[in-house]
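Hello,

Here is the structure we discussed handing over. My notes on it follow below.

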Amino acid sequence: MKKSKAISTVLVVFMLVSMILSGCGSNENSGKTKIEILQYKPEAATYFDQLEDQFNATHDDIHLTISSPNDATTILRTRFIREDYPDIIGIGGDINYSYYVDADILADVSDYQGLKDVKGSYIDILEALEITPKDGTYGVPYVANAAGILYNRDMFEEHGWEIPESWDELIALCEEIKAEGILPFYFGFRDTWTCLAPWNSLAVNLAPTDTCQKVNAGETTFSKEYVEVAKKCAQLVSYGPDDPFAYGYNDACTAFANGESAMYPIGSYAVPQILSVNPDMNIDSFVTPGNNDSSKNTLNSGVDLMFAVTTECENKEAAYEVLDFLMDDENIQAYIDAQNAVPCKNGNFDLAPMLDGMLPFIEADNMTDFQDHYYPSEMAADALIQTYFINGDVEDFLNDFDTRWQRYNRDIIRAVQEYNEEHGITE
């Protein structure tokens with residue numbers, strides 16, 4: 001009896017201590033609304049960790065948790081299947097966003113007042129990504145990236161080279177650079193995804209912005225719309241190294257940083273990698289001038305990071321308060337400084353000097369989304385483009401592009417055509 005009583009006493013004490021410790025752990029968040037953000041950019045984890053700390057230090061009624069896992073897209077899909085939704089997700093404006101909107105995973109945030117401060121072009125970009133039109137707005141664009149042609153500003157000034165504003169001027173510049181014994185472009189096509197950089201920056205200028213939607217609707221084909229894109233892209237590649245497939249992304253960044261080429265067709269996201277090799281390099285950029293009529297050219301820019309409230313968020317008002325904090329000018333500027341990004345919000349932000357040449361397009365809100373944001377990953381468009389760069393057969397490449405699109409996009413094609421038929425939409 002005494003032994004049993006002693007054991008009972010120990011259990012009671014243990015339970016009391018556990019309750020006290022548990023209570024201490026919950027006091028920090030006691031009475032607070034918990035908001036969780038899961039965002040997909042691990043390279044910005046430090047920024048978001050700091051933001052989380054700042055928010056929690058200045059808000060008594062909400063506790064914010066931000067996670068930045070390495071494989072956020074896979075984690076999100078797993079959590080959606082388990083119906084374990086974060087309150088807010090931070091993702092890019094690409095086909096995954098299209099899937100989430102179509103699956104009714106994201107809440108309509110058209111009543112969020114912060115949307116009034118976002119550039120209209122980026123709102124339009126998200127709306128265009130919807131598989132079939134839906135009433136409402138399902139994401140808040142945060143920052144964008146820009147793709148075109150980076151160039152060595154010191155080298156250009158030394159040789160007196162002018163920034164081209166038309167396709168003919170670009171080709172003439174390449175010939176001039178080549179004549180002086182300098183390589184016009186460097187490429188890192190061993191990493192297939194880099195093939196999409198010159199492709200996208202030309203496609204936004206040479207193909208209709210709604211090419212993918214019209215192909216899904218059965219109104220056109222890539223064999224018709226992408227001929228000029230393919231031919232001009234191959235022409236650019238001819239001004240690169242003899243074997244652009246022998247070099248990867250890091251190789252190309254290093255070569256450009258070391259002055260081995262005058263230009264590098266890539267996105268602004270490559271600048272930190274380039275500067276890690278040569279911190280003193282004087283880099284600027286310009287829009288890829290795909291047209292001979294310069295007024296038809298546009299900046300290749302898409303939503304690199306947006307925030308969306310999920311339908312399972314239990315406190316939308318608290319989520320909006322978090323969004324207000326994220327959208328504060330000071331916090332956006334901190335992200336721009338850390339990640340060399342372009343703000344989606346209107347305002348007086350200081351952009352990195354290597355975006356100087358793109359500023360006129362940014363200020364004019366003249367931006368067009370990456371066409372590959374509509375490409376299903378299963379069709380491996382980057383590898384398809386790489387193969388084309390190797391063999392140069394335009395007709396075979398575009399026929400293959402059409403075939404793979406029909407194979408890997410069939411569910412979306414069916415949904416689009418059923419929607420159009422139901423709503424009496426014809427070409």
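Asn200 sits in helix α8, which spans residues 196–206 (helices are DSSP runs of H or I with at least four residues, strands are runs of E with at least two, both numbered from the N terminus). This is a predicted model, in which local features need pLDDT of at least 70 and side-chain atom pairs count only at pLDDT 80 or more, while totals for chains, interfaces and linings use all residues. Residues are numbered from 1 along each chain as its sequence is written, and side-chain values use heavy atoms, with hydrogens and water left out.

With a relative accessible area of 2%, Asn200 is buried (buried is under 20%, exposed over 50%, partly exposed in between, with a 1.4 Å probe and protein chains only). Leaving aside residues up to four places away in sequence, Asn200 touches Asn300, Phe370, Gln371 and Asp372 (contact means heavy atoms within 4.5 Å). Asn291 is 91 residues from Asn200 along the chain, and their C-alpha atoms are 14 Å apart.

Thr368 belongs to strand β9, residues 367–368. Thr368 counts as buried because its relative accessibility is 13%. Its contacts, again without residues up to four places away in sequence, are Val204, Thr209, Thr298, Leu299, Asn300 and Ser301.

Elsewhere, Glu158 lies in helix α6. Glu158 is exposed because its relative accessible area is 64%.

Regards
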